[in-house]
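Please keep the sequence and the structure in view while reading.

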Amino acid sequence: MTVTQADGTLTVGGRFRRVNWRQYVVYIGFVVVFIYFAATQGANFVNPTTLVTIITQATPITVMAVGTVFMLSLGEIDLSIGSTVALSALVAAVSLQATGQWWLAALAGLAIGAVVGLVNGLFVTLVRLPSFLVTLATMGLVAGLAQQLTNLQSVPVTEPVFSWIFGAGDIAGMPILVVWSIVVVALGWHVLRQRRFGAHVLAVGNRAAAASVSGIRVNRVKLIVFALSGVTAGLAGLLYSGRLAGATYTLGGSDLMSVLAAVIVGGTALTGGKASMIGALVGSLFMSMINYGLLLGGLTVAQQMIVRGVIILIAVSLSLRAKKSS
Amino acid sequence: MSTSTSTDTFALQLDGITKHFGGIVAIKHFDLQIKPGEIVALVGDNGAGKSTLVKIISGMYQPTAGEIRLNGAPTNFRDPSDARTKGVEVVYQDLALVDLQPVYMNMFLGRELRKKPFGTLDRREMAAQTQALVDELDVRIPSAKAPLSDLSGGQRQGIAIARATNWASSLVLMDEPTAALGVAETARVEQIIMRLRERGAGVLIVSHNMEQVFRVADRVTVLRRGTQVATKRIDEVTHNELIAMITGLTS
Ligand SMILES: Nc1ncnc2c1ncn2[C@@H]1O[C@H](COP(=O)(O)OP(=O)(O)O)[C@@H](O)[C@H]1O
Ligand SMILES: [Mg+2]
């Protein structure tokens, strides 16, 4: 027996097998928008390179979405990821110029992300400030550091190994950015669903007091997730500088909204305790597809921003309203 | 108190437990022994010191004086998680459970089972063990895999008790485990508590409900303004005598 209740909950065969269609907003939305672009733009949109372009354009957002899934699962938020992207990209590019060593540059970029994350985490756990305030402050602070570092100058990235790993390479014909997306999402899914740490993150986000009396070290879990969020932003910085063959302080500037939208539309609760890694991936691809389709459609940048904003609003309202009814 | 000369060890033994808060004496020289499989009720009026005693035994407070023994061995607790690892489990009144996770993850919260070779979560084994325990204690829930949010308040308290029982090698502490429940659910939870006798841990239960004390406990110990008034077998006291000991008014 199937009954659709007033709150949009689909009850199948009794009260213990509820199927909530709002959980699938991102998948439905993806298909609907795909069909719309296919219908309006035809072969311009429906061709083999479209999918690859959508995935590779989305890669930095996808990578940060993985960190943000953990962050929101914890019931916290990291607003500083966008500016960390720029700082990490610049630190990596400058290190690359100074040393010529691709691995030193990569390490430096990831490390600066980890440091930003740890600083955020320490203020949240030890000083006990709300994460949105802490990361709002560090968002500005880190953006300032990024601008200061090279005096607003762009830094080229020409080292071939670095460019191959973080941008232009391919493995058995598969673009390396697609590989990065798959690997990072798979790792994130594995840790979230298959490791004790993921279970602890969800427990802390669901009810920190219960986690604490169950022996879970709440502050330790939070610190690790903040560091992880910083590292994913750092990696996104490397991926931008590799793909664009350079770093500049504006990188990542508009990513925060895309990442949050991807994760929330993908079914991760803002209030903690509930997460979907695959949903976040599809959410990220959804955002990327909208950008790509609007670009192909010949909209101006201003028009693209308006349409994207409206689509995000609709998708987020559809997926967030489910949380209240459950 | 007649402890006899038996060689069997007590699950919990308290000797001269005393707790001062600044000038206030919250607990004065409290003694108690609980055998494995025995249910002892702790009763007393508001402010008598029951919660303070529970917090001492669960590691939240350090006693000012006195000794705690678990299974015969002298011990002290640094903090609640230290007490947990030493075999004391607490059933919290406000349900220390996470409602977005399935029942089996709650049962194993903080102690998740992992499987070889990669150390990934062994969900199947956790669900199977949870189902077996829940069946043994007759906690009636739809499934060990059901999300906790699908369960009623009584079912959740049943899960909290089952979890405590599963991990307690010495003692299960309950501070008013049915305070938040209705009549029917209280009866169900009391049945679950009584099944703990067969599992071998000692049980110390704080209760304001005298009927409940007479229904579930083997013995009862009474606190009045920090002083231990008496410890009796439940068949040695009447309802009125117990009230008189709690209030200090002779009837
Ligand atoms: N943390 C504390 N600091 C100071 N006094 C306390 C503290 N905890 C309890 N007390 C005092 O100890 C006495 C016993 O309290 P409590 O153990 O909560 O009693 P009950 O649980 O039996 O109602 C009361 O007088 C209370 O005010
Ligand atoms: Mg109390």
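## The salt bridge between the chains

In this predicted model, the side chains of B:E112 and A:R196 come together in a salt bridge, with a nitrogen-to-oxygen distance of 3.1 Å. The rule finds one salt bridge across the interface of chain A and chain B, and the count of residue pairs in polar contact between the two chains, with both residues at pLDDT 80 or more, is 12.

## The side contributed by chain A

On the side of chain A that touches chain B, the elements giving two or more residues are helix 7 (176-194), helix 8 (196-206) and helix 9 (208-213) of chain A. Helix 8 of chain A provides the largest share, six residues.

## Extent of the interface

The contact draws 23 residues from chain A and 24 residues from chain B. The size of an interface is often expressed as the accessible area lost when the parts come together; here chain A and chain B bury about 1900 Å² between them, with 51% of it on carbon and sulfur atoms.

## Helix 5 of chain B

Helix 5 of chain B, residues 153-167, has 15 residues and spans 22 Å from its first C-alpha to its last, close to the 21 Å expected at 1.5 Å a residue. Its buried residues include B:G154, B:Q157, B:I161 and B:R163. Among the elements that cover the buried residues of helix 5 are strand 6 (88-91), helix 4 (123-136) and helix 6 (183-195) of chain B.

Definitions and conventions
Residues are numbered from 1 along each chain as its sequence is written. Chains are lettered from A and ligands numbered from 1 in the order in which they are written. This is a predicted model: local features need pLDDT of at least 70, side-chain atom pairs count only at pLDDT 80 or more; totals for chains, interfaces and linings use all residues. Side-chain values use heavy atoms; hydrogens and water are left out. Contact means heavy atoms within 4.5 Å. Buried area is the accessible area (1.4 Å probe) that two parts lose on being put together, summed over both. A salt bridge is a side-chain nitrogen of Lys or Arg within 4 Å of a carboxyl oxygen of Asp or Glu. A polar contact is a pair of N or O atoms within 3.5 Å; within protein, one must be able to donate a hydrogen and the other to accept it, and residues adjacent in sequence count only if both atoms are side-chain atoms. Helices (H or I, at least four residues) and strands (E, at least two) are DSSP runs, numbered from the N terminus. The expected span of a helix is 1.5 Å times one less than its number of residues. Buried means under 20% relative accessible area, exposed over 50%, partly exposed in between (1.4 Å probe, protein chains only).
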